[in-house]
Amino acid sequence: MSAIKPVNQKAWFLILPVILCVAFSAILPLMTVVNYSVQDIISPERRVFVGTEWFKAVMRDDDLQGALLRQIAFSLAVLVVQIPLGIALALSMPARGWQSSAVLVTVAISLLIPWNVVGTIWQIYGRTDIGLLGATLAALGFEYSYTGNATHAWLTVLVMDVWHWTPLVALLCYAGLRAIPDAYYQAARIDGASKFAVFRYIQLPKLRGVLMIAVLLRFMDSFMIYTEPFVLTGGGPGNATTFLSQYLTQKAVGQFDLGPAAAFSLIYFLIILLLCFILYNWMQRVGTADRSEAEHG
Amino acid sequence: MAKRFEKRSIFLALYLVFAILPVYWMVNMSLRTNEEILSAFSLWPRAITFEHYLTIFTDASWYSGYINSMIYVVINTVISLLVALPAAYAFSRYSFLGDKHVFFWLLTNRMTPPAVFLLPFFQLYTTLGLMDTHIAVAMAHLLFNVPLAVWILEGFMSGIPREIDETAYIDGYSFPRFFLTIFIPLIKAGVGVAAFFCFMFSWVELLMARTLTSVDAKPIVATMTRTVSASGMDWGVLAAAGVLTIVPGAIVIWFVRNYIAKGFAMGRV
């Protein structure tokens, strides 16, 4: 979003349908969860108002802090691997012809598999006796075991996520690249710009919009990852791959503590919100600094 | 130049192998009996069997899952794009009271961890009498798809210089005509990607879809969780169902591929 845009309050009419669609499913559930989080629900008829008691209890929970740290480490790893890989992939995908169609479809396949199937496939795929990945690693002499070794389990979940979600980054960047007018490349050719210069000063700035979405999406989705590690490792070995979401589900479904689970959900939500907000503003600033540098330099 | 091109191709080929192998393993599993899957390592099915696919195509509780999913996913994608296109245009072209806040608020709706929110969702849609209908799932999925579509489209629209709008007005185009015949073709790539992502996220979403349906609108992803129970795990059927869930999405991306691949470069400007 650039700085100088005409003020037009009537634009609200254009965004009204969106607000109605989203608010319909957003506001009441959120209020209900806030309502749960300040009550001790003993039975549907007996509820006691407990104020911020659950929030304090959740904040003091040591297991939660462990899960939070694991979660942050995982999400950072996801971003560090998937964003550059996705950009590189988008740059190397053919732009036209039948190859482009074939590559697009192949790249998109992993996104379309339901998440519980993703976990199940990798569960078999990683087994050293009957799975291709596990058998290959074992044949190469690694003592690979995603159920026994915490590091292996963590890496397997990460590789699975890279396999599963890098295409999202790649497709967004690919579409972003295709939306760059040819005139820019022609100008660069006249200037005799190197490939790297074209990437740094034309492609990367033009990809800013899609990269922003890709980073935020990958961040928030990986921060809420649940189904795949749950199916693959069940959070183990020990709690090496127990991420926040799984911990929350244990609380909400396993122990049936609606009050603390609701308080946990809200804290969880606020953490994601805060981190996304920081990421968003940081990327906005980087982009703006970039633009003013290009204008003055 | 040629050397560089080669490097790129090798990288791409390596990635494609990495991408395709787990999928191949799934196809491989879907063509073998459960005993064969669990008994020995094999690069290809020794005795090909289609029993798992037959199970899915002959059992109504299986194939109706695909139909139900298709119905609500299509409703959801169409509504998402229709409401998101004008909104994204407003965000990319005008400033108005609270624009930045609304824009960010939209995305916050994707940030709620689902586990606890499912219960109020259930209550809300029960109160409205929409339980176990396709429209309920389609509406619930708008919560995360509309913000996504708005953000993607806004990103692409902001890349189009505003002079194009102004030139069109000077040329005497009305707003709807300008929007449909000039502007949307310019952001084809964005529309294609947004449509595919809306389709994809709605297609694979499990928790909400399962909570809001029981029989009449039960989606395929919920039917699939059934394979885990009873007499252990039915690996083969699950793999076959997984292979079949790829098909509709692959068709969708096949249709939108021209939008994504050509985009602006081949447009009219």
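Biologist: Helices (H or I, at least four residues) and strands (E, at least two) are DSSP runs, numbered from the N terminus. With that settled, which helix of chain B holds B:N68?

Modeller: The model is predicted: local features need pLDDT of at least 70 and side-chain atom pairs count only at pLDDT 80 or more, while totals for chains, interfaces and linings use all residues. Residues are numbered from 1 along each chain as its sequence is written, chains are lettered from A and ligands numbered from 1 in the order in which they are written. On that numbering, B:N68 belongs to a helix covering residues 60-93 of chain B, namely helix α4.

Biologist: Is B:N68 buried or exposed?

Modeller: A residue is buried if 20 or more other C-beta atoms, placed from the backbone, lie within 10 Å of its own, exposed if 12 or fewer, and partly exposed in between. B:N68 has 22 C-beta neighbours inside 10 Å, so the residue counts as buried.

Biologist: What is the C-alpha to C-alpha distance between B:N68 and B:H134?

Modeller: Residues are in contact if their C-beta atoms, placed from the backbone, lie within 7 Å. Not counting residues up to four places away in sequence, B:N68 touches B:H134, B:A217, B:K218 and B:P219. B:N68 and B:H134 are 66 residues apart in sequence, and their C-alpha to C-alpha distance is 7.0 Å.

Biologist: How far apart in space are B:L107 and B:V221?

Modeller: B:L107 sits in helix α5 (residues 99-108) of chain B. It counts as buried because it has 21 C-beta neighbours inside 10 Å. Leaving out residues up to four places away in sequence, B:L107 touches A:L216, B:P147 and B:W151. From B:L107 to B:V221 the sequence separation is 114 residues, and the C-alpha to C-alpha distance is 25 Å.

Biologist: Which residue of chain A is in contact with B:V150?

Modeller: Neighbours within four places in sequence are left aside here. The partners of B:V150 in chain B are B:A84, B:A87, B:A88, B:F91 and B:L106. From chain A comes A:V18.

Biologist: Which helix of chain B gives the largest share of the side that touches chain A?

Modeller: The contact takes 86 residues from chain B and 87 residues from chain A. Ala, Val, Leu, Ile, Met, Phe, Trp, Tyr, Cys and Pro count as nonpolar, Asp, Glu, Lys and Arg as charged, and the others, Gly among them, as polar. By class, the chain B side has 66 nonpolar, 14 polar and six charged residues. Its largest share, 15 residues, comes from residues 2-30, helix α1.

Biologist: How far apart are the C-alpha centres of domain 1 and domain 2 of chain A?

Modeller: Domain bounds come from an automatic or database domain assignment, which gives domain 1 (9-51) and domain 2 (62-296) for chain A. Seven residues of domain 1 of chain A are in contact with six residues of domain 2 of chain A. The C-alpha centres of these two domains are separated by 29 Å.

Terms used. Two residues are in contact if their C-beta atoms, placed from the backbone, lie within 7 Å.
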